[in-house]
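Colleague: Please give me a close look at one part of this model. Then place it among the other features.

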Amino acid sequence: MGSDSLTSTKPLPLPTQEAEEPTNQSTTALLSFDTDCSDSSSSSNPRQKPSTTILFIALLLLTCIALSAAAAFAFLFFSSASSSSAQSSFETTARALKKLEKPVVLLVSSDGFRFGYQFKTSTPNIHRLINNGTEAETGLIPVFPSLTFPNHYSIVTGLYPAYHGIINNHFVDPYTGDTFTMASHEPKWWLGEPLWETVTNHGLKAATYFWPGSEVKKGSWNCPKGFCMNYNGSVPFEDRVDTVLSYFDLPSSEIPSFMTLYFEDPDHQGHKVGPDDPEITEAVARIDRMIGRLIDGIEKRGVFEDVTIIMVGDHGMVGTCDKKLIFLDDLASWIEIPAEWVQSYSPLLAIRPPAGYNPSDIVEKMNEGLKSGKVENGKNLKVYLKGELPSRLHYAASDRIPPIIGLIEEGFKVEQKRTNRKECGGAHGYDNAVFSMRTIFIGHGPQFARGRKVPSFENVQIYNVITSILKIDGAPNNGSSSFPLSILLRTAK
Ligand code: AMP
Ligand code: ZN
Ligand code: ZN
């Protein structure tokens, strides 16, 4: 699985060739000019004394060389001074725990918190975490499909959906015909080892105030009463925060080492009104107030500097409108796709034709129609055999993934047939390379440097970051084992 891990942390190759070539060229040009000058002056008037001209050119050359050397030294001096000051502006070692016996990680998710929402309005509490912690400067990259269940479970397992089994919010098991829904808690669906299980395997305690998969009793995790809440979207956000805070009132040895806290907003509003409506601004402000409530409560208990708070979202959000529709029935001249074959329309099209049909033929005919220019918005849908999807999507290695997958352009939707239904709102689930699908990552705590920005990374890296903070061995996963070193401060030996 290591081969699946991100390579974005690789340093960029230094442009040595490009940097050197112009210098060589200019040196050559200077020399040839010099040679040409002396040549031409001597050949045009062989009797004229060249001494004054030569002296002048020599002096000019010396001045140029002296000036270039001074400029090069000045450049080297200032660039090394500025890079060393940039490096030294961050701490290099983790801050020691003051009050807690051992590390505690609180993982907070704000559903559908698109990257950039933090600038919509004043968010003093989120910014307190950003300014005193480490942030993914251009956002956290979700896994594909950028939907709630696949992503939340990738965050806590470090696995891509094909490996953790939750390949969509809803899907059908091809062997049993059973349907997975967001209320399915049977362990057979949920593969991999989520953090609460890893933590309890190591004799530590975990508490979940909602998180997809957390109610599933699996391995050492038995979803303990009082420390594992059954999902109920109508519980006020304040109550969720206050319950999490109450865990910090337990004797130090009983405080759970890992806790989750989940808010449905601003995803809920994003679907209704799209990402650019004032309703989103209000939802973001409310999330900020919840973060404020959390920080205040932890601060009152004197452990704010000891607790690691990781704030994430699961995906972003993009506006959708009725004119951005593609109808499968419009493909009828090329191929008929009955509704019973379709397991998901948008934002990823997933088709499982019955036995006896050749998926390759279906893909070919669908793409022929879509590219013909005769299907409305056809160019905004491209259909693949799942094994031929771009490998960066990691969306093939599970029989739960239907054999035919259509990637839809951001903001478009696929439907079976034309209706009069008019709909403008928001959606997510699209290709995870699309910027609007990005969400936030903020890490605040003893092992996160203050005010540091890191490049964007995929959420499968978070599992290893958390096990690293908790100093426990994690289960095999798609994250890179060296990623935590790139984002965390080293603990003093
Ligand atoms: P999505 O359709 O991808 O936008 O999913 C977001 C919705 O998932 C939320 O609005 C909730 O209704 C639902 N949800 C989130 N967490 C859970 C959970 N742990 N159990 C059941 N449903 C959930
Ligand atoms: Zn979501
Ligand atoms: Zn949603």
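Modeller: The largest cavity is lined by Thr320, Cys321, Asp322, Leu325, Lys413, Glu415, Thr419, Arg421 and Glu423. On a 1 Å grid over the protein atoms alone, a cavity is a set of points where a 1.4 Å probe fits but cannot get out; lining residues have an atom within 4 Å of a point. Five of the residues lining the largest cavity are charged, two are polar and two are nonpolar. Charged means Asp, Glu, Lys and Arg; nonpolar means Ala, Val, Leu, Ile, Met, Phe, Trp, Tyr, Cys and Pro; the others, Gly among them, are polar. The volume of the largest cavity is about 60 Å³, taken as the space filled by probe spheres set on the points. Three cavities in the structure reach 30 Å³ or more.

This is a predicted model: local features need pLDDT of at least 70, side-chain atom pairs need 80 or more, and totals for chains, interfaces and linings use all residues. Residues are numbered from 1 along each chain as written, chains are lettered from A and ligands numbered from 1 in written order, and side-chain values use heavy atoms, without hydrogens or water.

Next, the largest pocket. It holds about 700 Å³ of space. A pocket is an open set of points with protein on both sides within 12 Å along at least five of seven lines. The lining of the largest pocket has 35 residues, and Thr148, Phe149, Asn169, Met182 and Asp267 are the closest to its centre. By class, 14 are nonpolar, 14 polar and seven charged. Helix α8 gives the largest share, three residues. At least two residues each come from α4 (148-157), α8, β10 (342-344) and β15. Helices (H or I, at least four residues) and strands (E, at least two) are DSSP runs.

Asp267 leads on to the zinc ion (ligand 3). Its protein donors are Asp267 (OD), Asp267 (OD), His271 (NE2) and His428 (NE2), 1.9 to 2.5 Å away. Donors are N, O and S atoms within 2.8 Å of the metal (3.2 Å for Na, K and Ca). Along the chain the spacing reads D-x3-H-x156-H. His271 sits in helix α8 (residues 267-273) and His428 in the loop between β15 (425-427) and β16 (441-444), so the pair ties together parts 157 residues apart in sequence. His428 is buried, at 5% relative accessibility. His271 is partly exposed, at 35%. Buried means under 20% relative accessible area, exposed over 50%, partly exposed in between (1.4 Å probe, protein chains only).

Last, the whole protein. It has 12 helices and 17 strands. Of its 493 residues, 48% are buried.
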